[in-house]
Amino acid sequence: MIAAVIHQVLHMVLVLALAPLLTGWIRLVKSRLVGRRGASVLQPYRDLARLLRKEVVLADNASWLFRSVPYVMFTAIWLAAGLVPVFTTDLALAPTGDLIALIALLGTARFFLALAGMDTGTSFGGIGSSREMMIAALAEPAMLMVVFSVAVLVRTTSLAEIAVYMMGGTVGLRVSLALALIALVMVAIAENARIPIDNPATHLELTMVHEAMVLEYSGRHLALIEGAAMLKLLLYAAVIACVFAPWGMATPTQGSLWIGLLSFLAKLATAGAALALFETSIAKMRVFRVGEFLGGALLLSLLGAIFLYVSRGV
Amino acid sequence: MTLLFVALLALFALAVVGVAARRSPWVGTAVYGGTAAACGLIGLWAVEALVGRGGVAAAVLPIGLPWIGVHLRADGVSAFFLLVVALGGVTASLFGWGYERAHARALAHHAADHTHGESGPVLPFFPLFLAGMSLVLLANDAFSFLVSWEFMSLTSWLLVLSTHREPDTPDAARLYLVMAVLGTACLLLAFGLLVGTGGDYRFDAIRQHPPEAGAAALTVLLVVLGAGSKAGLVPLHVWLPLAHPAAPSHVSALMSGVMTKVAVYALVRVLFDLLGEPMWWWGGALMAAGAVTAVMGVLYALMQDDVKRLLACSTIENIGVIVIALGLALVFKASHTPVIAALALSAALLHVVNHSLFKSLLFFVAGAILTATGTRDLNRLGGLIHRMPTTAVLALIGAAAISALPPLNGFVGEWLLFQAILNAPALPEWSLKIGIAVVGAAVALAAALAAACFVRLYGIAFLGRPRSAEAGRAGEVGRAMLAGMAIPAALCVALGVLPTLVIRLFEPAVRAMVQAGPFDDRSYQPWIWLAPTSAIGNSYNGLILLAMIAALSVALVLAIHRWASDRVRRSIAWGCGHDGADPAALSQYSASSFAQPIRRAFGGTVFNARDRVDMPEPGDTRPARLTVRWTDPAWAFLFTPVRRAVNWLADHVDALQFLTIRSYLTLMFAALVVVLALVAVVRS
């Protein structure tokens, strides 16, 4: 029990520390792929520190909600990240919430951020919020269907138990899991505002989603929101790693924490490089094509779930 | 049951007071105070019955039909639903008292202003409506059930008519009456089939001799139609978005939050109790109806610009979720896995109490907005968070709870439902396995769309800049109204943090219906951890989640303010060149523009929604306009054709009124011959 609490604290600090590194790594790989030298992988840390030092400029009619949302959102995402095992499954918070609770916590963060986008009463915030909620309306069910597929196979929705089961190696290769993986990657791309859904580097208003929603934020508030976005990216990478590639992770009974940690770093590096490669090889799609993209994810995940529901007899 | 009878008699007496003393200035206080007290008594009795003795109590009153009397009986299910009615009654009385006083004051203020017409009487029918709902829950024979059901419908219809001076009310009330009559007719036939040829109307007798397969199937259909039209199952929901908002806000809260639950009670009572052993396809049919209702309901809600109409449409969605959970419970009951059935039924009942709480709360919020600004149109609201700070906080709790966000109560209900859905692969029927996966996707889709819907409601009404002068002038509402909103808001948080307490409170109800409890295969009885199935590791703890969120946020705030900058500067937001020249905040997103992405993604196919841009020629000074047009498939494909057919039939049958006596005699003779021929055929 005490070990689990220590692991949990280490885990929360680790995800917080690694999140900007992952973003910096992706930016670096992307720069190299398009032939630029790119900034150091440590640049996101410097950006966050700079934002934290700056003053906050608030719109005249911004309410208390606008000022508290960055904290609420960061907390919800940090807590959700605390539920995903990365180097060990022996976490004190693991039984507090399962995958469904994790999705809902991310939903809480999104709900409040979308509200904040509407608080100042400018058009950009409204554009961002309404598009974000449309994307979420398709991405969230797709993600839940992925959870259903996995949960039917493993008989649990707890991430720690799923990781242990998947490491057991009794699952083998399954069509449903492949479908679920594809769907989950599509959802992760959409939820993290990456190309082709959204462009994290854009400043052209009409194509923005996430950036439009947070346009009025500045200073420490913006630092928290950017930090939360980085955490969310890490979280999705960790979820995919935990469900589909949990190898190397320590469990309460066996495995070493160091191997768990190193394997997690290796997985993150691979995921980051793969994302960068994908992003440089594809163009951003129009906002209203997003529905088709995510509808495809939803159908794939539903198909995977149905395969499993049918194949698993009494 | 003496306490219960005292409370019910008090409700009837209060109605008399409401009529007799209608000119007196203290009548509102007396009736609402008395109603709150009586509902409090009912609630206390229900809790005592659930905790103390599994809820069973019975009585026969020597009134009503001779030789039959009125049989009343409360078991766990009745007690649980009575508690929901009582909770709604207490908060609605409290809120209604403040609401009516505020409106009376506004009326005195605008004495010369004819827009605020005097409204019809609410007072006498308000306690009667609550008494009617309680009697439906207590009825133990078909006759008193139907009489109470009609009583409930009529009193709520009269309450809707109290706003008869508003232009939309008469049509809404007429449609409601037609649908209520239709629903009762279905229930009447259903009970006729249940009673069978024996002619014993008591539920105890019906339970002894459940109908055979064919009659049972027909009964299921009729009950789903009858109770479903009251609850708002698609496509029988058409009256609901019109009639619920037409009533005064505290009555809307009761109709949407509580009366629909009485219809759910009717479904539970007949399908789980009176009909005996269920067949699996009953549950399948319920789930299909529920899934369509859930998704359609929330899509309707996203298309609405009227706050109260939006809330009524969201009720349709929530009823869909409840009906899905009921269907799941039936399926598992039919396949003899009672613990999972208990889990699904617990999810349904938890969602019943959750929805009654947050929907009452949100209708009260709509009432507060109406009191403060005089409008329900989202496109005329905005910025209320600055002018109604307390209401804004309570509304935020309601919006977050109904969007199923942890750690509030709405999430727990959906979490339980998902846990039950995950057990579907154990079912033997193939169609169900596939169907339930699709239903799960529908629930997830409805939940995600509901979040979008309530971001829209809250963001447009409370955030941003005011879209009209009234919204800019609004002020906070009185203490009674705030208290009426604060109680359900507090309960939304409490039930989200400690859901196990309420699940164990209504365990007698679940046990009475599926003969098992949701925690039966656990070795211990949990009270903080919600861990319903024996599957490893599926657990949820709202308390720790809330504590963690609070602790981490506080730590974060302290850390940021200690080590980072805490300077703040206020400035004008960039308004795309509209600054100062945009007093009506037109450059802001409106309710329709917020819904536009979702309208484009879903509305095109479902509602045939089309946006038309009217762009004036260069040189023309008219503003460009964007109009949204959409058609309701329920009207386009069902009700309008039916109405045409009925009219056509009426026109043609009308000729029969003007025949000669000779023709009438011929017709009678022909009818006699046909009947005799039929009898001859049947006999042989």
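Entry 1: I am working with a predicted model. I looked up the contact between the two chains first. On chain A, 72 residues touch 75 residues of chain B. I then checked which elements of chain A each supply at least two residues to that side; among them are helix H2 (43-53), strand E1 (56-59), helix H9 (219-244) and helix H11 (290-311). H5(A) gives the largest share, with 16 residues. I sorted the chain A side by class: 40 residues are nonpolar, 19 polar and 13 charged.

Entry 2: I followed E1(A) next. Four bridges link E1(A) to strand E3 (residues 568-571) of chain B, and the two run parallel. Opposite Ala59(A) I found Ser571(B) of E3(B).

**Entry 3: a pair within chain B.** I turned to strand E4 (residues 610-614) of chain B. E4(B) runs antiparallel to strand E5 (residues 625-629) of chain B, joined by five bridges. Val628(B) in E5(B) is the bridge partner of Asp611(B).

**Entry 4: two packed helices.** How do helix H8 (residues 213-231) and helix H10 (residues 249-274) of chain B pack, at what angle and how far apart? The angle is about 165° and the axes are 8 Å apart. That angle is over 145 degrees, so H8(B) is roughly antiparallel to H10(B). The crossing is left-handed. H8(B) contributes Val220(B), Val223(B), Ala227(B), Lys230(B) and Ala231(B) to the contact. From H10(B) I listed residues including Thr260(B), Ala263(B) and Leu267(B). By class, this contact has 10 nonpolar residues, one polar and one charged.

Key: Residues are numbered from 1 along each chain as its sequence is written. Chains are lettered from A and ligands numbered from 1 in the order in which they are written. This is a predicted model: local features need pLDDT of at least 70, side-chain atom pairs count only at pLDDT 80 or more; totals for chains, interfaces and linings use all residues. Two residues are in contact if their C-beta atoms, placed from the backbone, lie within 7 Å. Ala, Val, Leu, Ile, Met, Phe, Trp, Tyr, Cys and Pro count as nonpolar, Asp, Glu, Lys and Arg as charged, and the others, Gly among them, as polar. Two strands pair if DSSP finds at least two bridges between them. Axes are lines fitted to C-alpha atoms, for helices over the stretch in contact, and angles run from 0 to 180 degrees between N-to-C directions. Angles under 35 degrees count as roughly parallel, over 145 as roughly antiparallel, 65 to 115 as roughly perpendicular and the rest as oblique. A crossing is left-handed if the near helix is turned anticlockwise from the far one by less than a right angle, and right-handed if clockwise.
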